[in-house]
Amino acid sequence: MSTTTHLITADELMRLPDNGRRYELIKGELLTMSPASGKHGAIAMRLSRILANYIEERELGLTFTAETGFKLERDPDTVLAPDFAFISRERMSTPPDEFVMMAPDLVVEVGSPSQSNREIKLKAERWIKLGAKLVWVVQPKTRIVQVYRKSHLESFTEGQTLECEDVLPGLRISLAYLFKF
């Protein structure tokens, strides 16, 4: 007996009924995202607020929440949805009605208890490979932020300050504040 996998397209993903679940599409395969923990949500919200305020006050570009899909590959399609994303105004001035058809400048992923370290590492590396300039992986359990760039990976701990001069010059975020719970 053989089994076949039915790959779906980004268009089919867009038409799925709203059933309260979040999905991503990796090379045509549908992935269901588990609901996040309270700590995940609180840290994602705190960081999103800091970033959105900084970006919007300076009119640097567009910010996107976790529900936003970014179509990064075609045939088969890949659509990812980070916890937070930023695209500079030089690259995009008006958000589209459909999935965003480019990788963000900055992607933030907050690790969930349901994700293994390997899964979150692969996702961050996929973002970089598909065009994101910078990916922050926030790990609430270990209170570490891993910063992925095309050229290298850095880790920051609770007592340090996070900066991203190459994408958001002047931004400084105290990780002690971010993880203060």
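Q: Before we start, what does buried mean here?
A: Buried means under 20% relative accessible area. Keep in mind that this is a predicted model.

Q: OK. How many residues of strand β7 are buried?
A: Five of its five. The strand covers residues 106–110 and is mostly covered.

Q: Which way do the β7 residues point?
A: L106, V108 and V110 point one way. V107 and E109 point the other way. Both groups are buried.

Q: Why the two directions?
A: In a regular strand, side chains alternate between the two faces of the sheet.

Q: Which strands does β7 pair with, and in what sense?
A: With β6, residues 84–88, β7 pairs in the antiparallel sense over three bridges. With β8, residues 134–139, β7 runs parallel, and five bridges join them.

Q: Which residue stands opposite V108?
A: That's F84.

Q: And what is the bridge partner of L106 in β8?
A: L134.

Q: New topic. How many aromatic pairs are there in the whole structure?
A: A search finds two. One is F64 with F70, an edge-to-face pair. Their centres are 5.5 Å apart, with 80° between the planes.

Q: Are F64 and F70 buried or exposed?
A: Buried, both F64 and F70.

Q: What about F70 and W127, why is that pair edge-to-face?
A: Their planes are at 75°, so the pair counts as edge-to-face; over 60 degrees is the cut-off. The ring centres lie 6.0 Å apart.

Q: Where do F70 and W127 lie?
A: F70 is in strand β4, residues 70–73, and W127 is in helix α3. So the pair ties together parts that are 57 residues apart in sequence. Both F70 and W127 are buried.

Q: Which residues form the aromatic cluster?
A: F64, F70 and W127 form one cluster.

Q: Which rings have an arginine over the face?
A: F181 has R46 over its face, at 4.5 Å from the ring centre. Y54 has R58 over its face, at 3.7 Å from the ring centre.

Q: Let's move to T68. Where is it?
A: T68 lies in the loop between β3, residues 61–65, and β4.

Q: Why does T68 count as buried?
A: Its relative accessibility is 18%, and the cut-off for buried is under 20%.

Q: What is T68 in contact with?
A: L80, A81, P82 and V100, leaving aside neighbours within four places in sequence.

Q: Now helix α2. How many residues does it have, and how far does it reach?
A: Helix α2 has 20 residues, 38–57. From first C-alpha to last, α2 reaches 28 Å. That is close to the 28 Å expected at 1.5 Å a residue.

Q: Which residues of α2 are buried?
A: Among them are H40, I43, R46, L47, A52 and Y54.

Q: What covers them?
A: The cover for the buried residues of α2 includes β3, β6, β7, β8, β12 and α4.

Q: What comes just after α2?
A: E59 there takes a positive phi of about 50°.

Q: Back to A52, why is it buried?
A: A52 has a relative accessible area of 14%, so A52 is buried.

Q: What does A52 touch?
A: T63 and F84, not counting residues up to four places away in sequence.

Q: How many Å separate the C-alpha atoms of A52 and V147?
A: They are separated by 19 Å. Along the chain, A52 and V147 are 95 residues apart.

Definitions and conventions. Residues numbered from 1 in each chain as written. Predicted model: local features only at pLDDT ≥ 70, side-chain atom pairs only at ≥ 80, totals over all residues. Heavy atoms only, no water. Buried < 20%, exposed > 50% of the residue type's maximum accessible area, 1.4 Å probe, protein only. Helix = DSSP H or I, 4+ residues; strand = E, 2+ residues; numbered from the N terminus. Pairing = 2+ DSSP bridges. Phe/Tyr/Trp six-rings, centres within 6.5 Å; stacked < 30°, edge-to-face > 60°. Lys NZ or Arg CZ within 6 Å of the ring centre and 35° of its normal. Contact = heavy atoms within 4.5 Å. Expected span 1.5 Å × (residues − 1).
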